[in-house]
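This briefing sets out the fold, surface and charge features of the entry shown below. Please read the points alongside the sequence and the model.

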Amino acid sequence: MIQETFNNDVFRLFAALIGGLMLAAGLTLLFVEKVLHKDVSSVWRIYRGWLIMIPLFFAAVLLGRIVMILGVFALSVLGFIEFARATRLDQNTWIMRMVFLGITAVAVFALVRDIPTGLFGAYGFFMVLPVYAISLILL
């Protein structure tokens with residue numbers, strides 16, 4: 001499965017583009033810091049964070065759709081928790097539970113087979129789920 005991914009032209013194109021952009025960004029930061037003598041230490045911290053996130057993303061892609069879906073699920077949960085803390089939304093347990101239910105439902109529907117087509121990812125449910133999730137949150 002991993003070999004198939006490496007042989008995919010689209011994967012190789014995106015890997016080359018992202019690698020090239022990260023290299024260009026690093027060289028630009030070096031230029032601004034060393035030649036223009038500007039303080040870009042805060043930007044370097046962000047850049048190093050991307051140097052960690054990008055390989056994790058590619059590893060998830062290489063390991064297959066289930067790992068990728070679960071990775072996006074985990075990132076969604078963690079991102080919402082951070083957002084809820086920053087906005088004090090975590091004090092409203094109903095909204096928190098409904099959002100977690102919605103995130104979980106999206107992940108589950110992305111994992112299961114669609115009954116009419118037999119393909120993975122229940123696309124019909126996936127498309128209407130935001131309407132139901134928002135309706136539950138607004139109750």
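Helices (H or I, at least four residues) and strands (E, at least two) are taken as DSSP runs and numbered from the N terminus. On that basis, the protein contains 6 helices and 0 strands. This is a predicted model, in which local features need pLDDT of at least 70 and side-chain atom pairs count only at pLDDT 80 or more, whereas totals for chains, interfaces and linings use all residues. Residues are numbered from 1 along each chain as its sequence is written, and side-chain values use heavy atoms, with hydrogens and water left out.

**Fold and dimensions**

- The order of elements along the sequence is α-α-α-α-α-α.
- The C-alpha trace spans about 55 × 45 × 20 Å along its principal axes.
- Of the contacts (heavy atoms within 4.5 Å) with a separation of 6 or more, 47% join residues 24 or more positions apart.

**Burial and surface**

- Buried residues account for 22% of the 139 residues; buried means under 20% relative accessible area, exposed over 50%, and partly exposed in between, with a 1.4 Å probe and protein chains only.
- The accessible surface comes to about 10,200 Å², and carbon and sulfur atoms contribute 74% of this surface. Accessible areas come from the Shrake-Rupley method with a 1.4 Å probe, and for residues only the protein chains shown count as cover.

**Charge and pairing**

- The protein carries 10 positive and 7 negative side chains, and the centres of the two sets are 5 Å apart. Lys and Arg count as positive and Asp and Glu as negative, while His and the chain ends are not counted; each charge is placed at NZ of Lys, CZ of Arg, CG of Asp or CD of Glu.
- Asp9 and Arg12 form a salt bridge, with their closest N and O atoms 2.5 Å apart.
- These two residues, Asp9 and Arg12, are 3 residues apart in helix α2 (residues 9–34), and so about one helical turn separates them.
- Asp9 is exposed at 55% relative accessibility, whereas Arg12 is partly exposed at 42%.

**Glycine in helix α4**

- Gly71 belongs to helix α4 (residues 65–87) and is partly exposed, with 35% relative accessibility.
- The C-alpha atom of Gly71 is 7.1 Å from that of Ala60, a residue 11 positions away along the chain.

Technical notes
Salt bridge = Lys/Arg side-chain N within 4 Å of Asp/Glu carboxyl O.
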